[in-house]
Amino acid sequence: MIVTIAGAGNMPRGLGTRTLAGGHSLRLDDRTRAKADDLATALSQEASGADVASADEGAVADFDIVVLALPYPAGRDVAAAWAGVLSGKVVVDISNPVDFSTFDSLVVEPGTPAAEQIAAAAPEARVVKAFNTTFAGPLVTGRGAGRPLDVFVAGDDDAAKETVSTLVTSAGLRALDVGPLRRARELESFQFLHMASQERLGLNWSSSIAILP
Ligand SMILES: NC(=O)c1ccc[n+]([C@@H]2O[C@H](COP(=O)([O-])OP(=O)(O)OC[C@H]3O[C@@H](n4cnc5c(N)ncnc54)[C@H](OP(=O)(O)O)[C@@H]3O)[C@@H](O)[C@H]2O)c1
């Protein structure tokens, strides 16, 4: 698969590492082109022979999956701007729409998750919520507490969820289909609890959320 990641921050480093570990091609797009160039160079040095490159915005049409690794609401705004290109495409929303000015609530209204706002902004895109509960650091190895990280996958398009789950599994992670896109409400709220508990529980952003039998 060709995976395009919009953004070149912390999450693209982890997601990019996992994507390349799964044997996929990776394209990186960032509004600061030099950041995408630098990350592409770093990832290619870590995975010799991997197909990874930075991409112009105009090149984002050539992909199987696009991951919006941008803060919310920037991800929503980019989805709206790219709505034509994203038509019929699998779009992964990884965002946690936390109000970072207070770190006490989400910026979305209760019952209106970021994922549904992004789906509304690009109505022909096949939006899937995934990776919002995996912190960037643990994603680099893909493991936590000695086991593959769990990646919760929610969406209304079963084939799109299957495509994302294939990416997740090939990357050495465990995909858990948790139902329709509206489950993003719970995923975003639960991850907010996870984030807000980091300091209190002394977790240092290295923890993960898993479902154990
Ligand atoms: N970090 C985590 O552990 C983690 C875990 C799960 C989910 N997430 C979610 O993943 C997403 C990305 O997180 P991150 O940690 O990778 O963020 P980050 O390191 O802060 O990087 C953010 C990226 O978004 C770009 N950006 C910011 N505002 C933009 C705008 N208005 N238009 C276009 N691009 C913009 C930045 O570009 P510039 O550098 O040019 O400003 C940068 O490339 C967020 O939605 C976050 O909630 C993060």
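This is a predicted model: local features need pLDDT of at least 70, side-chain atom pairs count only at pLDDT 80 or more; totals for chains, interfaces and linings use all residues.

Visitor: How many helices and strands does the protein have?
Guide: There are nine helices and ten strands. Both are DSSP runs numbered from the N terminus, helices being H or I with at least four residues and strands E with at least two.

Visitor: And how compact is the protein?
Guide: Its radius of gyration is 16 Å, close to the 17 Å from the globule rule for 213 residues, so the protein is as compact as a globular protein of that length. The radius is taken over C-alpha atoms, and the rule is 2.2 Å times the number of residues to the power 0.38. Along the principal axes, the C-alpha atoms fill a box of roughly 40 × 40 × 35 Å.

Visitor: Which residues are closest to the ligand?
Guide: Gly 9, Asn 10, Met 11, Ala 74 and Ser 95 are the closest of the 22 residues that surround the ligand. A residue is near a molecule if its C-beta atom, placed from the backbone, lies within 6 Å of it.

Visitor: Which helix gives the most to that shell?
Guide: H3 does, with three residues. Helix H1 (10-21) and helix H3 (74-81) each supply at least two.

Visitor: What is the shell made of, by class?
Guide: It has eleven nonpolar, eight polar and three charged residues. Here Ala, Val, Leu, Ile, Met, Phe, Trp, Tyr, Cys and Pro count as nonpolar, Asp, Glu, Lys and Arg as charged, and the others, Gly among them, as polar.

Visitor: Staying with H3, how does it lie against H5?
Guide: The axes of H3 and helix H5 (residues 114-121) come within 8 Å and cross at roughly 20°. Axes are lines fitted to C-alpha atoms, for helices over the stretch in contact, and angles run from 0 to 180 degrees between N-to-C directions. H3 and H5 are therefore roughly parallel, a term for angles under 35 degrees, whereas those over 145 count as roughly antiparallel, 65 to 115 as roughly perpendicular and the rest as oblique.

Visitor: Which residues make the contact?
Guide: Gly 75, Arg 76, Ala 79 and Ala 80 of H3 meet Ala 114, Gln 117, Ile 118 and Ala 121 of H5. Contact requires C-beta atoms, placed from the backbone, within 7 Å.

Visitor: What about H1 and H2?
Guide: The axes of H1 and helix H2 (residues 33-46) come within 10 Å and cross at roughly 40°, and the two helices are therefore oblique.

Visitor: Where is the cis peptide bond?
Guide: It runs from Tyr 72 to Pro 73, with omega near 20°. Pro 73 is in the loop between strand S4 (65-68) and H3.

Definitions and conventions
Residues are numbered from 1 along each chain as its sequence is written. Two residues are in contact if their C-beta atoms, placed from the backbone, lie within 7 Å.
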